[in-house]
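Subject: Structure handover

Hello,

Here is the structure we discussed, for you to look over. My notes come after it.

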Amino acid sequence: LGLDMEELEEIEEDAGLGNGGLGRLAAGAFPSQSSPWHIPGRSPGLGVPVTALTPSRQVEEADDWLRHGNPWEKARPEYMLPVHFYGRLEQTATGTKWVDTQVVLALPYDTPVPGYMNNTVNTMRLWSARAPNDFNLRDFNVGDYIQAVLDRNLAENISRVLYPNDNFFEGKELRLKQEYFVVAATLQDIIRRFKASKFGSTDSVRTVFDSFPDQVAIQLNDTHPAMAIPELMRIFVDIEKLPWNKAWDITKQTFAYTNHTVLPEALERWPVDLVEKLLPRHLQIIYEINQRHLDHIAFLFPNNVDRLRRMSLIEEGGTKRINMAHLCIVGSHAVNGVAKIHSEIVKTQVFKDFAELEPEKFQNKTNGITPRRWRLLFNPGLAELIAEKIGEDYVRDLSQLTKLHEFVDDDLFIREVAKVKQENKVKFAQYLEKEYKVKINPSAMFDVHVKRIHEYKRQLMNCLHIVTMYNRIRRDPAKLFVPRTVIIGGKAAPGYHMAKMIIKLINAVAQVVNNDPVVGNKLKVIFLENYRVSLAEKVIPATDLSEQISTAGTEASGTGNMKFMLNGALTIGTMDGANVEMAEEAGEENLFIFGMRVEDVTELDRAGYKAQEYYDRLPELKQAIDQIKSGFFSPKEPDLFKDVVNMLFHHDRFKVFADYEPYVKCQEKVSELYLNSKAWTKMVIRNIAAAGKFSSDRTIKEYARDIWHVEPSDLKIPPPNEPRDAAEDKTPNGTAA
């Protein structure tokens, strides 16, 4: 048709499959079930638009990625299912009945997720809310036509917008509705498929559920789908009439829970009143689960009231709340963190009481990224270069990258790796000049910090380093300075004032730095608008230095760190999240590690963190803070950043000042190495060679074996036009994950 494929790809909007770590992780892990492993599975979710951003400050706007329809998905109205809300409970001779409910229909849309060159296709099923035809018909009949139509819209709001928060809990009724909606529809779907599939049963429809956990594994991706636990119990007890103990045993064997954050403000704690209004039967079931759980604890630890309080699913005092993480732990047979250090914190700090009770339940599954997208697709130059040296199989088995260690001293390979990086930088520099009208020097170091904007990720510390570099250049313009382009990108949750102020500050600093003739080409600062997957695909291959500088003990894992490592960037980072394992794999000497460790942070908390002491002791820090405070970067509004400065002195849980000095010194080492192109590139090659562990293929294989109890198979299925009998004889039975 004379169309350019690349241009078409640019026009197509990114799918709104979540924001921040959770959505990206799911979107990255799911393809690994299709390839290289054949693990039959469905990934349920909501089909919703998501929000976007920003110029010098963040401005949200509707990002309706489904506006023009989605050619990759197929509506499946034949599998539409009812989901119930509100209503009341009736006690009958046959048990509790949930009656007078409001019904919303869940319409499934299926998107195929093809494996890589293996003819395996899994399904991502998204649910859209639809009002039933007789919805509020009473209003309609008595003449309140308008109200009836408005109420239909209200019902369909469930899948109209995704809450744009990651790492922050917002206890809104609509959010709970969304969480239950996706859970209820998915579980009905699972039960329907279980009953319809024989698995050796001679019944036309199966009614015995003993083999349910052998055929179905449900992984709870954080606590957002936690209502699945009481919902499955409701189905088993109220509808299928199973005895409680049997239903509970099957439920526990079916569910496993992945914890994704240790930040207290991110943990879901739903008010009892809200759950009682929206899902009265589920609250009753949660109370029953809790009672039996506490009876067990009381038996094991008699007279220990404090332990009962700590381990209860219900938090008393003030507003009564349900601790959803506790519900997930009690209702699952396995609990895991997403990096070694995070899993250890989960076990020894966050859920210590539970881990003491059932230590065998707690595991680690370090996150991974899909190498097909994050290397092959958008960094073809590097992918081809590596394939020439070690063959193409590494795309299916990333551990083969260790073979690159043989070429660390190969001068030709070193030059070729550096050349690919330079080509990627030139391409990205052209994009930046076009979009941001800032002239970029492609030979400058590209220093990149892209992720959600949050205090714990410490974009503020990066900003203070920018101001420090700026002051050093102005103090001595003639001194040798390694040119840098600092690129920061990410979105803030719409209600997160401090994160939005951080975006404003970065843009204000950029405005001054980029227009100072004394600085010239030595330092440029760019804030990337509307950071998203398609932009990540442009910036990551062009990055020299990857910033992973969260306070030790706050980042569960991170996956951006892995993407940069795989694409030839060096990492400056703290010993946090997956950085720890990256340093283990590559050797700490091949990363720029600085700052406090988890035990140092704990000790500083114990002793008391005093920001003022660092400010008084470090002249460059004092100068930078004074400039921000005095309005040097915001002359028209001198007090603009007083909230930021006030937070840094009095309410900084993430201790920016404590790591400022080691961070700046570590950055000096980065600049020094960057001057030696050969030594820098050798370190890059060592990092790429050590990145094999961080494939989502390895992660999914571990989940499959250790949690879902299914053996992954990398057998290639023949294409549809070839007979399958030979392959089928060798293919193991799968578990629906």
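What follows is a short account of a few places in the structure. Please keep in mind that this is a predicted model.

The annotated lysine

UniProt, in an unreviewed entry, lists Lys 563 under "modified residue: N6-(pyridoxal phosphate)lysine". This residue sits in helix H21, which covers residues 560-566. Lys 563 has a relative accessibility of 6%, so it counts as buried, the cut-off for that being under 20%. Leaving aside residues up to four places away in sequence, the contacts of Lys 563 are Arg 24, Ile 369, Trp 374 and Ile 540.

H2 runs over residues 21-34 and has 14 residues. From first C-alpha to last it reaches 21 Å, close to the 20 Å expected at 1.5 Å a residue. Ten of the 14 residues are buried, which leaves H2 mostly covered.

After H22 comes Gly 587, with a positive phi near 90°.

Leu 1, Leu 3, Met 5, Leu 8 and Ile 11 make a nonpolar surface patch of about 660 Å². Met 5 belongs to helix H1, residues 5-11. With a relative accessible area of 57%, Met 5 is exposed.

Salt bridges

How many salt bridges does the structure hold? The count is 51.

Asp 410 and Lys 389 form a side-chain salt bridge at 3.6 Å, N to O. This pair links distant parts of the chain, 21 residues apart: Lys 389 is in helix H16 (380-390), and Asp 410 is in the loop between H16 and helix H17 (411-436). Asp 410 is partly exposed at 24% relative accessible area, and Lys 389 is partly exposed at 28%.

Lys 655 and Asp 605 meet at 2.9 Å, N to O, in another salt bridge. Here too the pair links distant parts of the chain, 50 residues apart, with Lys 655 in the loop between helix H26 (642-650) and helix H27 (656-674) and Asp 605 in helix H23 (residues 598-607). Is Lys 655 buried or exposed? Lys 655 is buried, with a relative accessible area of 4%, whereas Asp 605 counts as partly exposed at 46%.

Arg 698 and Glu 702 are joined by a salt bridge at 3.3 Å, N to O. Both lie in helix H29 (residues 696-708), four residues apart, about one turn of the helix. In an α-helix there are 3.6 residues a turn, so residues three or four places apart point the same way. Arg 698 is buried at 18% relative accessible area, and Glu 702 is partly exposed at 27%.

As for the network, salt bridges with shared partners join Asp 306, Arg 307, Arg 309, Arg 310, Lys 352, Asp 353 and Glu 356 into one.

Regards

Technical notes: Residues are numbered from 1 along each chain as its sequence is written. This is a predicted model: local features need pLDDT of at least 70, side-chain atom pairs count only at pLDDT 80 or more; totals for chains, interfaces and linings use all residues. Side-chain values use heavy atoms; hydrogens and water are left out. UniProt positions are given in the numbering used here, feature names are shortened, and annotations may be inferred rather than shown by experiment. Helices (H or I, at least four residues) and strands (E, at least two) are DSSP runs, numbered from the N terminus. Buried means under 20% relative accessible area, exposed over 50%, partly exposed in between (1.4 Å probe, protein chains only). Contact means heavy atoms within 4.5 Å. Patches are made of residues with over 30% relative accessible area and no salt bridge: like charges are joined within 9 Å, nonpolar side chains (Val, Leu, Ile, Met, Phe, Trp, Tyr) within 5 Å. Accessible areas come from the Shrake-Rupley method with a 1.4 Å probe; for residues, only the protein chains shown count as cover. A salt bridge is a side-chain nitrogen of Lys or Arg within 4 Å of a carboxyl oxygen of Asp or Glu. The expected span of a helix is 1.5 Å times one less than its number of residues.
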